[in-house]
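Dear colleague,

I am passing on the structure that we spoke about, with the sequence shown alongside. Please look it over first, and then read the notes below, which go through what was found.

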Amino acid sequence: MERERGNILHKIDWVTIALYLSLGIMGWFAICGASYSYIESDFLEFLSLGERTGKQAMWMGVSFFTGIILLCFDKRIYKDWSFIIYIFFTLLCIVTIFIARDIKGSRSWISLGSSFSLQPAEFMKFATTLALASFMSRHGFSLQKKGDLIGSLVLFMLPMLVIVGQRETGSALVYLSFFIVLYREGMTGLVLLTAVSAIVYFIVGIRFGEVHFESLDVSVGHYAVLVLIQLFSLAMVKFWCKYDKSALVLFVVNVVGTLGCYWIAIYLISFNIIIVQYLLVAFNVIYLLLRVRLEKEKDNLWVVLFIVGSLAFYASCDYVMHNVLKEHQRTRIEVLLGLKEDLAGAGYNVHQSKIAIGSGGVTGKGFLNGTQTKLKYVPEQDTDFIFCTIGEEQGFAGSVAVILVFAAFVLRLMYLAERQNDRFGRVYGYSLAAIFFFHFTINVGMVLGIMPVIGIPLPFFSYGGSSFLGFSILLFSFLRVDADRNVRL
Amino acid sequence: MSNAYNEFKYEKRKYVLGGIVLLVVAVYIVRLFNLQILNEEYKDKADSNAFYKKTVYPARGLMYDRKGRLLVYNQPAYDITFIPREIKKTDTLELCSALGITRDDFEKRMALIRKSRGYSSYTEQSFMTRLSAEEFAPFNEKLYRFPGFYVRKRSIRQYTHGAAGVLFGDIGEVSQKKIDSDPYYTRGDYIGTQGLEASYEEVLRGEKGTEMLLRDAYGRIQGNYRDGAYDTLPVPGKNLTLGIDIELQELGERLLQNKIGSIVAIEPSTGEILCMVSSPSYDPRLLVGRQRGENHEQLSQDKRKPLMNRAVMGTYPPGSTFKTSQALTFLQEGVITHETNFHCSKGFRYNKFKLGCHAHGSPLPLYPAIATSCNAYFCWGLVRMFSSGKYKGAQEAMDVWRDYMVSMGFGYKLGIDIPGEARGMIPNSKYYSRHYGNYWNAVTVISIAIGQGEVTLTPLQIANLCATIANRGTFVTPHLVSSIEGDTLPGIYREHRPTKAGRAAYEDVVKGMRQAVTDGTCRGAAIPGIEVCGKTGTAENKGKDHSAFIGFAPMDDPKISVAVYVENGGFGATYGVPIGKLIMEKYLNDTLSDESLKKAKEIQDRIIYYGEGER
């Protein structure tokens, strides 16, 4: 065992700290913009503790100070304490459900005195990350082993369930980002492919479900989903199974069959091409099963499973959309897919947010000069919709700058993760990168109107002390782990 | 495959992940470019205009009485609000004089608001509420001088008559809990909090409309978006017609003034409540406008609880009015016929046990027993029922008895359309076994046969007993609202519920009650030209006896059944009988004879002293 001594200041990654500080400062100014109104007020008032900006500044100070303290513990301490921390926060989150006051239907806040309250769920991400990194760095761990895979899943699905129990569905979804980590550590790509294809089927199927080909009585969405199933399954054969002559036959039949029938139906005689696509899919299933039987190619079985699963999923989508979802949930999805304009209801927030951003133009209206956000058109403008203020006041230039700094931050974390010498550090780093990336993608996508409205904060920007502190704890603990990367445990 | 090889194989995945990050960034930048640079539509919308979603409130449904007279309507009122951050230097004195308050009031109010839960310097705070148009006018003229202060126009309730306040109930600002659970409401909305306003809230409130308005960057309204294509009109609340006859209600409240008690009158064939008086009552018009706060405070502090609806919330021993239900049970169970005679030697004697009665002939059959309200007759009835050998011991007899009572609407809430109804108390065998073990019999529980002891009923349940007798064995759940505009009443307010006793038993009881008026304790209830049936009640309690009466008329085609209960009023004949008679006469003849008017005046002026204690 070897221990490097030396000043910690020389070993921490200052690039990340610089990116962190610039995100935090940009965020604070954005909150100033969002909470400022027409009153001629003194700029110093922004720092008064009675204002949200003042509170945020205080929390930023607390977070930075906490970060510095966290840098003083070495990697071994993090690893040794990981499960205790995990159990502590899981229990705290469970207790919160019962003692928290109901705030807009959510039971996640513990109040400390009259003006401050904490959301323990924000620290659960830190605890989960630690536990997962620790678990996955055990000797002999492999995601190919069933027990290890299930163990890892349980570690982050449990807090997810607890947070759903707090009625914070948005925050719970963040835990899905750990799948990215599992993927990097060797979980089969099938899971990722399944997730992506499910989303694609859903969007394409619903969005174009009611659109019909001009000359045919065939739903474009239905047809497109079938073609996508063919495409995905062929890609699976190409990349995962033995690619030989018999596979080639499969390709030729599908490509010629699909294109040929499409051409005939559009230009010669119109007939129901959906039936052809179903026949082709059925042919694929039988053909692949034959390959399993005759050529002993077991991998093909997975493709068959995928095809059958895809068909079942598409069939259930339609059912869920019309029979399971409630009116307002259906409207939300329809608005998102551009099927409905609903300015008074579900579409209001997003519509207002798009106007605010759109009005920013190239350079924006300038700091504190935004009118849309100032007139309180955008709800939640200093929390979940904070990116609006940046779009309006700093324009395209400012928004792109923020996005780029964020991307640099996430990529830098991935780079740091990759340079770790053990799995503990790498899993830790990737978890961070994945969490930040998930928050960024969902939040900015929601404000831009291309993601569903899921209430999760934009790290370092959205108003909220617990979340700022939670993200800072995640980051600084990892910076220390990174600084100790040459220490072998 | 070796571990190292695997490690290497998976390391390539970093490129997939990095690629996804770059892809998302690229998509978002393209989207931003689209929104901010290419798309002019959004810019135009925001540069000059922006949406403002304005809620248009529907008119709350009105209430009419059974003869179509308007009872409850809407009246505009004004709330004065302010946003603390927007208040600039304001001449406080001028503000106070415009609102007619003192400087001291102003400071106190401000301090109170600042301390309240949910205070924020960014959001609208209520300063004064429910000002009338006259009170508000001087302030409105000077509104421009008080930046940060706003006016919210609202609609409050006004009343045409000074009666039935406790039935109408009240409206008030919706609670945070309700807002969280029902998306219809937003902060500051009014919601029915008491009485019919609460139980018919969803019918009365209507549906809100919205206007999509365009505003410029300074918040000035520029008009409706796309000429109102996105607006929705509010749907007014539905009007209610009550079964109440407001003149009857007023008469009832007058008769009970300076007394504590209730009057409930029901139309037997429909279950509609014709009047429901709870005394002390109050004038609902006191709770309108600026003096509302003060008056409300006074009413809620009053030791006699005028805001409580005793007719449904009060539970009392029903006394001798309850004997009718006993007769029904004994007749139906075959314990007695109307010809069965029992002895009464100035009371009921059983071994050493004695329960007194008053002087009348003995032995006597059922009709005179009801007419003279003989205690012994019904005690013997219960004893015979318990010892008839038809049941396995006292327990089973007790539970059969209880089932009869429950079928008549006792022991559980009847289900009237007004909140707060009490259950009353009907004991069962478990109740007594808990107290006496297995050593109890009919004599132990004997007082239930004469409506004393453990038995308690609400005045509404007593009235319903009378309505059931008038119907000869069925009742419609009593209800205040007789029809909802453009809607039907729930089934329970339309269907007749049978009791366990048959029509023949009821006919016998009706004959007894008729004899009580012609020849018994209720002679005072007789109305010339109308066949009235009645039964008095004198309920013992810790203080002076409560005076009770039930009656219905005409005997063969009952139009009204009434129950009167006056706390500490003495004999049933003292208050119950004359009040019940006046109510029936007023309703059936639409007016009172000169003699009755005199009697009404006399009762109205009588005062019962209750002392200083809480009631």
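**A helix of chain A, and what surrounds it**

Helix α12 (residues 273-295) of chain A has 23 residues and reaches 32 Å from its first C-alpha to its last, close to the 33 Å expected at 1.5 Å a residue, where the expected span is 1.5 Å times one less than the number of residues. Helices here are DSSP runs of H or I with at least four residues, strands are runs of E with at least two, and both are numbered from the N terminus. Please bear in mind that this is a predicted model, in which local features need pLDDT of at least 70 and side-chain atom pairs count only at pLDDT 80 or more, while totals for chains, interfaces and linings use all residues. Residues are numbered from 1 along each chain as its sequence is written, and chains are lettered from A and ligands numbered from 1 in the order in which they are written.

Within α12(A), the residues A:I273, A:Q277, A:L280, A:N284, A:L288 and A:R291 are buried; a residue counts as buried if 20 or more other C-beta atoms, placed from the backbone, lie within 10 Å of its own, as exposed if 12 or fewer do, and as partly exposed in between. An α-helix has 3.6 residues a turn, so residues three or four places apart point the same way. The buried residues of α12(A) pack against α10 (220-240), α11 (245-268) and α13 (299-324) of chain A, contact meaning that the C-beta atoms of two residues, placed from the backbone, lie within 7 Å. Directly after α12(A) comes A:K296, with a positive phi near 55 degrees.

**The rest of chain A**

Chain A comes to 18 helices and 2 strands, and 41% of its 489 residues count as buried. Of the contacts in chain A with a separation of 6 or more, 68% are between residues 24 or more positions apart.

A:F471, in helix α18 (residues 465-483) of chain A, counts as buried because it has 24 C-beta neighbours inside 10 Å. Leaving aside residues up to four places away in sequence, A:F471 touches A:P459 and A:F460. The C-alpha atom of A:F471 is separated by 8.8 Å from that of A:S63, although the two residues are 408 residues apart along the chain.

**Where the two chains meet**

The model scores ipTM 0.84 and pTM 0.60. Helix α16 (residues 386-418) of chain A packs with helix α2 (residues 13-38) of chain B at an angle of about 180 degrees, their axes being 11 Å apart; the axes are lines fitted to C-alpha atoms over the stretch in contact, and angles run from 0 to 180 degrees between N-to-C directions. That angle makes α16(A) roughly antiparallel to α2(B), a term used for angles over 145 degrees. Among the residues making the contact are A:G391, A:G395 and A:F396 of α16(A), and B:K14, B:L17 and B:G18 of α2(B). The residues of this contact divide into 15 nonpolar, 5 polar and 2 charged, with Ala, Val, Leu, Ile, Met, Phe, Trp, Tyr, Cys and Pro counted as nonpolar, Asp, Glu, Lys and Arg as charged, and the others, Gly among them, as polar.

**Chain B**

Chain B averages a pLDDT of 87, and 94% of its residues score at least 70, pLDDT being the predictor's confidence in each residue, from 0 to 100. This chain has 22 helices and 20 strands, and buried residues make up 40% of its 615 residues. Helix α22 (residues 594-605) of chain B is hardly covered, the count of buried residues among its 12 residues being 0.

A cis peptide bond joins B:S279 and B:P280, with omega about 0 degrees, and B:P280 lies in the loop between β12 (272-279) and α12 (292-301) of chain B. Another cis peptide bond joins B:A553 and B:P554, with omega about -15 degrees, and B:P554 lies in the loop between β19 (546-553) and β20 (560-566) of chain B.

Phi is positive, near 65 degrees, at B:A164, a residue other than glycine, and B:A164 is buried, with 30 other C-beta atoms within 10 Å. Phi is also near 65 degrees at B:N258, but B:N258 is partly exposed, with 13 other C-beta atoms within 10 Å.

Definitions and conventions
Parallel < 35°, antiparallel > 145°, perpendicular 65-115°, else oblique.
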